[in-house]
Amino acid sequence: MTGQRSDARRNYQRILSVAEAEVAARGADASVEQIARTAGVGSATVRRHFPTRQALLDAVFQERIGHLCDRARHLSATDDSRAALLEWLQALVEYAVSARGLADALTYEPPTDQPATHSCGNALEEAGTPLLRHAIRDGAVKGDVTFHDLLTLSVGIALATEHHSEPAVQADRLFRLSVEGISPTPGTAKA
């Protein structure tokens, strides 16, 4: 935002503030036109600052995604790589459940060779991949598991539970089930 006129910076902040409220209320499909009306600007002004819906959603979630990324960096110093990865993934699921629209926003970001530089998915991948690699190196996670597998699982849990009467409780249950598996003890399930 440096180098912009003060009115352009104010518009940006007002649009972002309104967008945060609209996304919280309506999810990732919040109307850009409604955001513009509420912010007191034209939809062209919104699109000038945020050329795509994804750019708008990334800006809405950027600060909290930053906290998740910081947490991943902090956890990378933990000796128990499995516990560190699972703690971070659980925090990701909790945030995706609590931040309406985030799971949808992440589904707009399929894995690509050229991810957007400021995207939520790219930031999460950069932060979470070292935790995954450490857990794979320690033999705590299968070697063929990718970051996108874990992101898809986390997003899937958030999307599957968002209309539940207690989404956080159900999401936690599904997360634990996905980690522990469906058999009471490994190897005891009958074919």
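How are H1 and H2 oriented to each other? They are oblique to each other, in what is a predicted model. Welcome to this short tour, which takes in that pair of helices and then the cysteines.

**How the two helices meet**

- Helix H1 covers residues 6-26, helix H2 covers residues 32-39, and their axes come within 9 Å.
- The crossing of H1 and H2 is right-handed.
- On the H1 side, the residues that meet H2 are Arg14, Ile15, Val18, Ala19 and Glu22.
- On the H2 side, Gln34, Ile35, Thr38 and Ala39 meet H1.
- Sorted by class, this contact of H1 with H2 has five nonpolar residues, along with two polar and two charged ones.

- A disulfide is a covalent bond between the sulfur atoms of two cysteines.
- For cysteine 69, the closest cysteine sulfur is that of cysteine 120, and the distance of 8.7 Å is too far for a bond.
- A pair counts as a disulfide when its sulfur atoms are within 2.5 Å, and the closest cysteine sulfur to cysteine 120, in cysteine 69, is 8.7 Å away.

**Where these cysteines sit**

- Cysteine 69 has a relative accessible area of 4%, so this residue is buried.
- Cysteine 120 counts as buried too, at 2% relative accessibility.

Definitions and conventions: Residues numbered from 1 in each chain as written. Predicted model: local features only at pLDDT ≥ 70, side-chain atom pairs only at ≥ 80, totals over all residues. Heavy atoms only, no water. Buried < 20%, exposed > 50% of the residue type's maximum accessible area, 1.4 Å probe, protein only. Axes fitted to C-alpha atoms, helices over the stretch in contact; angles between N-to-C directions. Helix = DSSP H or I, 4+ residues; strand = E, 2+ residues; numbered from the N terminus. Parallel < 35°, antiparallel > 145°, perpendicular 65-115°, else oblique. Left-handed = near helix turned anticlockwise from the far one by under 90°. Contact = heavy atoms within 4.5 Å. Nonpolar A, V, L, I, M, F, W, Y, C, P; charged D, E, K, R; others polar.
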